[in-house]
Structures are given as C-alpha cells and as structure tokens.
Amino acid sequence: MSLLLHKTEFGNTSNAGRIWTKEECNTLLVEWVQNPKLRQHMDQVGHLMEQWAVKREGLDKTTANAWYMAGVLHDADWDQWPDQHCKKIIEYLEAQEIDPTVIRAIASHGPRHFGVVPETRMDQMLYALDELSGLIHAYSLLRPQGYEGMEVSGVKKRLKEKTFAANVSREEIDEACTIANVTKEELIQFVIQELSNLHK
Ligand SMILES: [Fe+2]
Ligand SMILES: [Fe+2]
C-alpha cells in the first residue's frame, strides 16, 4: 500500500495566518482519535514543536502556535484511516482553509512514506521530533522513574539496540537530523528536557 501523496503544493497562500487555537485542535482530535497512546504521542509532538519554535528559533507566539498545530495534528488520521495517512488530514485542513505552512509540514513528516521533502524549518523539525520522541517515550516507559534522570547516553544505547522499539526507523532519525542540521545529542537532550516538563 502506498501513502505517496504525489503532490508538492498544499493549501492556499491566501489562507496564511489561519491557525486553530489549542481548543480547536482538541475538538478535532476528540472526534478523530480514540487511541490514548496515539493521542499522547501527538500531544508530545505538539508540545515539542511549540517549545522548539519559542526556545530554539525565537519565534513569536502566533508562529509557535502554527508549529504546535502541525505537531499535534500530524497523525490525526492514523487511528481511523491508516491507509489514508496523512492524505485525509491534509484534505480536511485544506477544506478548512488552514494556513498552508501547517499543511505542508504535516505532509512532509514522513518523506519516505509520503514523498514530500521537508523544506521549511517547521517541516524539518516535525520530521526530526516525530520519530525520535516516539523512541524516547518508549524508553521512559521502561524506566521506573520515567523521564526523571534520563540521560542522552541511555537513549543512544537504545538507538543502537535494533530490537528496542524496532518500528522506529534509525535511518529516518539520522536522515531527519541531517536535514534539520541538528546533532542527535542536541535533539535527544531537548526531547528529554521538554517531555519531562510535560509529564511532571
Ligand atoms: Fe505519521
Ligand atoms: Fe507521529
């Protein structure tokens, strides 16, 4: 089954600035996502995107909210329409006349699956934070103290263990870091810090 989108343009530039509030994002997710683990993953990626936008890119609140929206909605259609992932959410957001930068970031969150190259900073960071946070969260579930006291070296060991969270592609993590021009260490450190804040 192919998830290739065969598209490189998303949304309409005349909708620039049309971003949902967190409450509006939540309304869609309550309707579309029943799986609590998937919902938690999306909340994590939304949080990571927002925090990266503010702390690492120095972006304003409105733009950081666009990053949040791309993060929190990126897998919105996975629960009910896995064979239409992420075509379904893209078409829905296009119909809702959402800012095209948000739609583009969602469309490029898995370049090997959807065939859309991450180009903007938002695209690149969504790709980088998505898979890596999945692996780090799986690691936190194995640790009695969860995120507390987690170290970069521990995550790197798990990355080398091919059987651990085997569905998380190490190649994609490496590729995403290269595209985003961040080191794996920096990204791991950021994810540990921010997810431990989120789950406090
Ligand atoms: Fe996805
Ligand atoms: Fe994801």
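Predicted model: local features only at pLDDT ≥ 70, side-chain atom pairs only at ≥ 80, totals over all residues.

User: What share of the residues is buried, and what share of the contacts with a separation of 6 or more joins residues 24 or more positions apart?

Analyst: Of the 200 residues, 42% are buried. Among contacts with a separation of 6 or more, the share from residues 24 or more positions apart is 68%.

User: How are α2 and α3 oriented to each other?

Analyst: Helix α3 covers residues 61-73, and its axis lies 7 Å from that of α2. The angle between them is about 155 degrees. Angles over 145 count as roughly antiparallel. That is why α2 and α3 are roughly antiparallel.

User: What is the handedness of the crossing of α2 and α7, and are the two helices parallel or oblique?

Analyst: The crossing of α2 and α7 is right-handed. The axes come within 10 Å and cross at roughly 130 degrees. The two helices are therefore oblique.

User: Which residues of α7 meet α2, and how does the contact divide by class?

Analyst: On the α2 side are His41, Gln44, Val45, Leu48, Met49 and Trp52. They meet Met125, Leu126, Leu129, Asp130, Ser133, Gly134 and His137 in α7. The division is seven nonpolar, five polar and one charged.

User: At what angle do α2 and α10 pack, and how far apart are their axes?

Analyst: Helix α2 covers residues 36-55 and α10 covers residues 184-198. Their crossing is right-handed. The angle is about 115 degrees, with the axes 10 Å apart.

User: Which residues of α10 meet α2?

Analyst: The contact of α2 with α10 divides into six nonpolar, three polar and one charged. On the α2 side it uses Gln44, His47, Leu48, Gln51 and Trp52. The α10 residues are Phe190, Val191, Glu194, Leu195 and Leu198.

User: Is Leu132 buried or exposed?

Analyst: Leu132 lies in helix α7, residues 121-142. Leaving aside neighbours within four places in sequence, Leu132 contacts Ile173, Leu187, Ile188 and Val191. It has 24 other C-beta atoms within 10 Å. A residue needs 20 or more for this class. Leu132 is therefore buried.

User: How exposed is Val54, and which residues does it touch beyond four places in sequence?

Analyst: Val54 sits in helix α2. With 16 other C-beta atoms within 10 Å, Val54 is partly exposed. Its C-alpha lies 6.2 Å from that of Ala64, ten residues apart along the chain. Beyond four places in sequence, Val54 touches Leu59 and Ala64.

User: Where is the cis peptide bond between His85 and Cys86, and what is its omega?

Analyst: Cys86 lies in the loop between α3 and α4. The bond from His85 to Cys86 is cis, with omega near -5 degrees.

User: Glu97 and Ala165 have positive phi without being glycine. Which class of burial does each have?

Analyst: Glu97, in the loop between α4 and α5, has a phi of about 55 degrees. Ala165, in the loop between α8 and α9, has a phi of about 40 degrees. Glu97 has 12 C-beta neighbours inside 10 Å, so it counts as exposed. Ala165 has 20 C-beta neighbours inside 10 Å, so it counts as buried.

Methods. Residues numbered from 1 in each chain as written. Chains lettered and ligands numbered in written order. Axes fitted to C-alpha atoms, helices over the stretch in contact; angles between N-to-C directions. Helix = DSSP H or I, 4+ residues; strand = E, 2+ residues; numbered from the N terminus. Left-handed = near helix turned anticlockwise from the far one by under 90°. Contact = placed C-beta atoms within 7 Å. Nonpolar A, V, L, I, M, F, W, Y, C, P; charged D, E, K, R; others polar. Parallel < 35°, antiparallel > 145°, perpendicular 65-115°, else oblique.
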